[in-house]
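Work through the exercises below with the model open. Try each task before reading its solution.

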Amino acid sequence: MLMRTNQMAANTSVAGSDKARPAVQLDGVTKRFGDSIALHEAWLKIRSSEFMTLLGPSGCGKTTLLNLVAGFLEADGGEIFIEGALVTETPAHMREIGIVFQNYALFPHMSVAKNVAYGLKTRGVDKKEMARRVDEALALVKLSGFSDRKPRQLSGGQQQRVALARALVIRPKVLLLDEPFSALDKNLRGSMQVELKQIQRELGVTTIFVTHDQGEALSMSDRIAVMSAGRIRQIAAPDEIYRRPADRFVASFVGDANVLNGRLVERSGDAAVVSIGEVRASVPAATIAEVAIGGSVDVFVRPEHLSVTSRGASGSLPGTVTTQVFQGGHVDLYIDAPGSARDPILLRSPGIAGLSSCPVGAEIGLSIGSDDIVAFPPGEAP
Amino acid sequence: MNTRPFLGWFVSPAGLVAVGLIAAMLAVFQYSVRAYIPGSLEVGGFTWQNFAAMLRPLYALAFWNTVLLCFETAVFTLILAYPLAYALVRTNSSALRSFILIVSVTPLFLGEVVRTYSWMIVLGSNGFLNTLLLKLGLLDRPVQMMFTAGGVVAALVHVTMPIMVIMLAAALSHIDRNYEKAAESLGAGPVRVFLTITLPLSMPGIVAGFSTAFAWTFSAFATPQLIGGGRVSTVSTLIYQLGFSSFNFPFAASLSIIGLALSLAVIALLRKAARPLERMASTT
């Protein structure tokens with residue numbers, strides 16, 4: 001650890017670049033509201049040009065963290081740095097951040113062009129330059145002909161584009177997005193996500209994105225910080241979060257997971273072997289470090305990592321199909337396996353074959369077909 | 001057909017009041033076009049003479065003074081009420097919120113005479129304010145505050161405050177905090193946020209509060225009568241003098257009619273002037 005720190009310091013001194021210095025850094029930032037702790041000692045480093053998502057259920061502290069970075073709230077402890085400069089005490093209007101709110105908050109009494117120009121006016125940019133940059137920003141979000149419209153004359157998607165243009169035109173050090181897609185209908189949401197991601201990559205603007213939607217988080221982010229009850233539970237790339245969740249909360253909040261009753265068989269180095277009935281599976285050892293050999297563990301298996309085999313096939317768990325749900329591209333099967341799991345097991349069967357091959361009441365075998373399985377000490381299902 | 005069968009019954013009391021009001025107004029109008037017979041409570045035949053007499057400088061001046069007084073009162077009330085309303089809407093402390101509400105609304109619950117009498121005690125030559133300023137050495141001798149337009153305005157501002165605070169607070173509470181946050185994030189300091197976002201968006205409340213304050217003050221009687229002590233003449237004190245000292249009911253009635261028309265005209269004008277501002281601020 002110490003060596004790596006030295007190495008990083010060396011990089012900074014040689015290159016002197018912004019790449020080595022985090023664009024945003026939180027050092028043990030804490031925020032209380034009265035007696036309740038909204039954010040507990042958050043440590044976070046966001047790299048330049050990175051798309052960082054804060055993911056968690058409502059009340060987990062993600063919006064508090066965003067407001068602290070924006071300067072709308074004052075931290076009760078810890079320090080915040082933006083591009084290396086200490087900003088913990090800096091008022092919001094001097095932090096040079098761009099923000100897009102859930103309801104967009106376009107100024108209703110100003111035209112689209114005036115909205116976008118607002119941040120340039122406060123900076124005293126001259127008229128010609130202002131007009132040029134406003135046009136440029138509106139072109140970026142594909143709203144070139146809309147300068148003179150009022151926000152109320154625009155659709156939800158168009159309002160969001162204006163909000164984005166308004167935030168980006170000032171060339172912010174950080175772009176903050178507070179659940180920007182939640183007010184859009186589903187089809188529009190998808191296309192806006194793609195477009196936002198494109199614009200973000202094109203401009204290389206460091207972005208903090210707050211959402212409770214794990215699908216959004218997985219598809220858009222470079223890294224995700226999963227939060228719960230005021231704490232950051234795991235910071236990692238989306239695939240890492242999905243494949244190697246750090247704790248029960250992350251495993252069950254991100255993606256669907258079946259919890260199977262297992263037993264720890266052996267441990268060797270970083271890996272461990274667990275048994276679920278007759279089936280054996282390899283899992284990372286780190287998450288069950290305190291479980292004794294032979295002790296019970298909860299094994300988390302994703303629905304797509306299970307497959308149907310014939311009853312009694314070796315390395316399979318016995319079960320009975322209780323419900324079929326046709327989802328178009330795949331079929332969700334709910335399977336009762338009283339010996340292996342408390343709750344019905346969800347299995348995702350690709351295509352439509354599952355509809356006919358596994359009717360309700362069918363007695364089948366379940367096999368586990370992946371290495372991306374994790375185990376945690378037994379506990380209440382969160 | 002009629003899905004709300006009792007609606008007619010519900011509005012009938014209001015209808016009754018309206019009928020009474022219209023009858024009274026017609027009676028006043030009827031008086032205003034009759035001749036005055038000095039020394040008699042009876043009125044003479046039809047004439048426009050009363051309205052013609054109003055063009056005399058004495059009466060024209062009373063109208064002008066009243067409009068000026070109303071305008072000053074509305075302006076000062078607005079200036080004092082805006083910060084209160086803003087604090088009322090934006091504070092997180094429920095204690096402060098209750099305090100502001102109590103302070104700003106109590107004038108409504110004091111009788112007009114009690115309230116005015118309190119002001120006379122405060123403003124008199126040996127009154128609270130003069131005594132205080134003398135004791136503090138800020139004045140050498142008492143300043144005349146009773147029987148001045150300034151004193152009348154102070155007392156009128158006091159009574160107009162509640163309605164202004166409530167109307168402004170209603171308008172301010174409809175302004176999304178995110179507008180101000182967005183402006184802040186774009187580099188606007190507190191003053192700029194207020195001038196470019198909060199103030200324009202609260203314009204509908206300002207216009208409503210201002211015109212209501214104006215109309216209230218126009219019809220105020222006890223305050224200008226008692227604190228003005230006859231030296232501040234407004235339309236309503238003039239009507240009182242003419243009606244109940246000279247018993248010139250026809251002329252008092254014609255003053256009332258013109259006064260009503262004038263205040264309606266001023267309010268209509270205010271509304272018209274403010275319409276572009278309101279449209280600018282409307283969010284829908």
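Two residues are in contact if their C-beta atoms, placed from the backbone, lie within 7 Å. The model is predicted: local features need pLDDT of at least 70, side-chain atom pairs count only at pLDDT 80 or more, and totals for chains, interfaces and linings use all residues. Residues are numbered from 1 along each chain as its sequence is written, with chains lettered from A and ligands numbered from 1 in the order in which they are written.

**Exercise 1.** Describe the side of chain A that touches chain B.

*Solution.* Start with the counts: chain A gives 19 residues to the contact and chain B gives 20. Next, find the elements that supply two or more residues on the chain A side: β6 (97-100) and α3 (112-122) of chain A. Helices (H or I, at least four residues) and strands (E, at least two) are DSSP runs, numbered from the N terminus.

**Exercise 2.** Which residues does A:Val116 touch?

*Solution.* Leave out residues up to four places away in sequence. The partners are A:Val134, A:Ala137, A:Leu138, A:Val162, A:Ala165, A:Arg166 and A:Val169.

**Exercise 3.** Examine α4 (residues 94-109) of chain B for length and bending.

*Solution.* First, the span. The 16 residues reach 22 Å from first C-alpha to last, close to the 22 Å expected at 1.5 Å a residue; the expected span is 1.5 Å times one less than the number of residues. Then the bend, the angle between axes fitted to the seven residues ending at a residue and the seven starting there. A kink of about 30° lies at B:Val103, shortly before the proline B:Pro107.

**Exercise 4.** How many helices and strands does chain B have?

*Solution.* Chain B has 13 helices and two strands. Its C-alpha atoms fill a box of roughly 75 × 75 × 35 Å, taken along the principal axes.
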